[in-house]
Amino acid sequence: MAFLGLRKWSTPVLVLTPMAPFLAASAVTFYLVPKMQEMGVRSETYAKDPKNPYGAQIAEEAHH
C-alpha cells in the first residue's frame with residue numbers, strides 16, 4: 001500500500017537526489033562561515049581590540 005504516493009522501499013540509485021540541496025548548502029556553509037569569521041577577526045575595527053582572542057597572532061603577523 002502506498003502512503004501519499006510513495007513506495008515502501010525507494011530505489012537505492014536515487015538516495016542522494018532528495019538530499020542534494022542540503023549537501024550543497026552544508027558544503028557552502030562549511031566553506032564560507034570560517035572565511036567570514038576570519039574576515040571579521042582581522043578587520044581593522046577588531047584587530048586591535050584587547051578582547052580579540054587572535055589579537056596576539058594578528059599583531060605578530062603584522063610585524064613580519
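Modeller: Asn-52 sits in the loop between helix 2 and helix 3 (55-63). The model is predicted.

Biologist: What does Asn-52 contact, leaving aside its neighbours within four places in sequence?

Modeller: Asn-52 is in contact with Val-41, Tyr-46, Ala-47 and Ile-58, once neighbours within four places are left aside. The side chain of Asn-52 also reaches the backbone oxygen of Tyr-46, at 2.9 Å.

Biologist: What makes Ala-47 buried or exposed?

Modeller: The cut-off for buried is under 20%. Ala-47 has a relative accessible area of 17%, and therefore is buried. Ala-47 is in helix 2 (residues 44-47). With neighbours within four places in sequence left aside, its contacts are Val-41, Arg-42, Asn-52, Gly-55 and Ile-58. The C-alpha atoms of Ala-47 and Ile-58 are separated by 6.9 Å, although these residues are 11 apart along the chain.

Biologist: What share of the protein is buried?

Modeller: Buried residues make up 8% of the 64 residues.

Biologist: How do you know that Glu-38 and Arg-42 form a salt bridge?

Modeller: A salt bridge needs a side-chain nitrogen of Lys or Arg within 4 Å of a carboxyl oxygen of Asp or Glu. In the Glu-38 and Arg-42 pair the closest N and O atoms are 2.3 Å apart, so the pair meets the rule.

Biologist: What makes Arg-42 and Glu-61 a salt bridge?

Modeller: Their side chains meet at 3.0 Å, N to O, and the cut-off is 4 Å, so this pair qualifies too. Arg-42 lies in the loop between helix 1 and helix 2 and Glu-61 in helix 3, so the pair ties together parts that are 19 residues apart in sequence. The count by this rule is two salt bridges, and Glu-38, Arg-42 and Glu-61 are linked in a network.

Biologist: Why is Glu-61 called partly exposed?

Modeller: Partly exposed lies between buried, under 20%, and exposed, over 50%. Glu-61 has a relative accessible area of 40%, so Glu-61 is partly exposed. Glu-38 is partly exposed at 39%, and Arg-42 is partly exposed at 34%.

Biologist: How do you know whether Met-39 is buried or exposed?

Modeller: Exposed means over 50%. Met-39 has a relative accessible area of 56%, so Met-39 is exposed. Met-39 is in helix 1 (residues 20-41). Together with Val-28, Tyr-31, Leu-32 and Met-36, Met-39 makes a nonpolar surface patch of about 550 Å².

How values were computed: Residues numbered from 1 in each chain as written. Predicted model: local features only at pLDDT ≥ 70, side-chain atom pairs only at ≥ 80, totals over all residues. Heavy atoms only, no water. Patch = residues over 30% accessible without salt bridge, like charges linked within 9 Å, V, L, I, M, F, W, Y side chains within 5 Å. Areas by Shrake-Rupley, 256 points an atom, 1.4 Å probe, with all protein chains shown as cover. Helix = DSSP H or I, 4+ residues; strand = E, 2+ residues; numbered from the N terminus. Buried < 20%, exposed > 50% of the residue type's maximum accessible area, 1.4 Å probe, protein only. Contact = heavy atoms within 4.5 Å. Polar contact = N/O pair within 3.5 Å; in protein donor to acceptor, adjacent residues only side chain to side chain.
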